[in-house]
Amino acid sequence: MVTASHNLKNDNGYKVYSGDGAQIIPPTDEDIATSILKNLEPWDGVSALLSPETGLLKDPSEKSEEVLQSMWDAYTETISKELCTKKALTSQSTLKIVYTAMHGVGCEFVKRTVEAFGFSLDRLLLVSEQCTPDPEFPTVPFPNPEEKGALDLALSKADASGTPLVIANDPDADRFAAAEKLPSGQWKVFSGDELGVIFSLYRLECLKKEGVAPGDIFFICSAVSSAMLSVVAKTEGCHWEDTMTGFKWMSNKSLELKKDPKKRHAVAYEEAIGYQLSEFVSDKDGVSAAAVWAEMCCHLYAESRTVNALLEEAKKKYGYFVTNNAYYLCYDPPRVKACFDAFRSAGGAPQTYLKTIGGFEVLSIRDVTTGFDCSKPDKKCTFPLTPTSQMVTISFSNGARITLRTSGTEPKIKWYSEFSGEDEGKAKEELDRIVAAVCSEVLNAEKWGFIDPRKK
């Protein structure tokens, strides 16, 4: 599959999927690369498959529209059969929701899927300026629903229509974002972690009502996502695992766990607003997320509850988990590597990381780039190594955690940090001090020439 996702049109990339529906992981990728190198000469007859005008592969099917419709039908039927649990209630609801496709392809798919869940289309208010595919993304500087200002048109339409809910997909509709108007009149744009926990609580409730035992329900999230989901799973007697970042790891982990026929997939998510709610779609899917969100909101509002109230109830029960996530920009990869290598040898030799940072005691280091994890008896990291990219997790003795990693698609050095406590305000203050110390003593933007986009 070729996609630029929410990146600019010049940043097209591709994803490769295996027969089980999940993206490939090692050693399949190496096997494919080896096969390519062994077959550099074109096969006989290949030229007949290519368009003489463009050099691209011809559509091998004369019935491509028919094939698309059959796949679309199968998707809608499968998703609604698996995930739709309150169709009658949703049909009776008068709740309206504003939706934006962010100039991408999601609109028609979302309309058809929410309708299959019982949500009538007259209640799905479209941001017309953003619901037709347009690679120029004319109404937003950057078409990622996470970016500040990306939801402005949707929020304005919701204000004008008196609607308390906004949902969005990114351009290729695999990510999902949501916002809710608070009693104060302000808009609450839910973070990726908050959405992951909300989806998890709802799917847990649905599966338990189906009669699935909690011990047979599993949750998965990426290593840089909130630890709150692990607390939810442990408290409720469910199974939880974390993986490397990226749905190729999470979806393959789900397939592995489902080899036990009793096990049921509830949610796999990453904080970058990606959610896999279905057992049958082995990747993040913003379309099914939109449909489940619409159903859940109809259910909550019918009980005179709000999504944010559900989240606050969860915080009181499982703890206040605060985050501080951001990034620096750097267009010189060797400089980024030098920064991380300097941290690895802070004591004058390899694997002599800092013992304290800003006065905070370091409890453990997990370095996925080098395969080091001092929390393990053999000091070996259990995650697959990433020698060509940087990823280090620092755990502190007070329970805080921060992961530093480079992006695989953008010139970014990202950090994901989290701390929990009984008082949300105090926890945030403590975490902000830790992040400031890490930015000063480890990343040191001034020394390494990193750019802080927040200071533009």
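## Helices α2 and α4

The crossing of α2 and α4 is right-handed, meaning that the near helix is turned clockwise from the far one by less than a right angle. In this predicted model, local features need pLDDT of at least 70 and side-chain atom pairs count only at pLDDT 80 or more, while totals for chains, interfaces and linings use all residues. Residues are numbered from 1 along each chain as its sequence is written, and side-chain values use heavy atoms, with hydrogens and water left out.

Helix α2 (residues 64-83) packs on helix α4 (residues 106-116) at about 40°, with the axes 9 Å apart. Axes here are lines fitted to C-alpha atoms over the stretch in contact, with angles from 0 to 180 degrees between N-to-C directions. Helices are DSSP runs of H or I with at least four residues, and strands are E runs of at least two, numbered from the N terminus.

On the α2 side, the contact (heavy atoms within 4.5 Å) includes W72, Y75 and I79, while α4 brings in F109 and R112, among others.

## Two positive phi values

F137 is not a glycine, yet its phi is near 45°. This residue lies in the loop between β4 (124-126) and α5 (152-161), and F137 counts as buried at 9% relative accessibility.

Q351 also has a positive phi, about 60°, and sits between α11 (333-344) and β14 (356-357). With 45% relative accessible area, Q351 is partly exposed (buried is under 20%, exposed over 50%, partly exposed in between, with a 1.4 Å probe and protein chains only).
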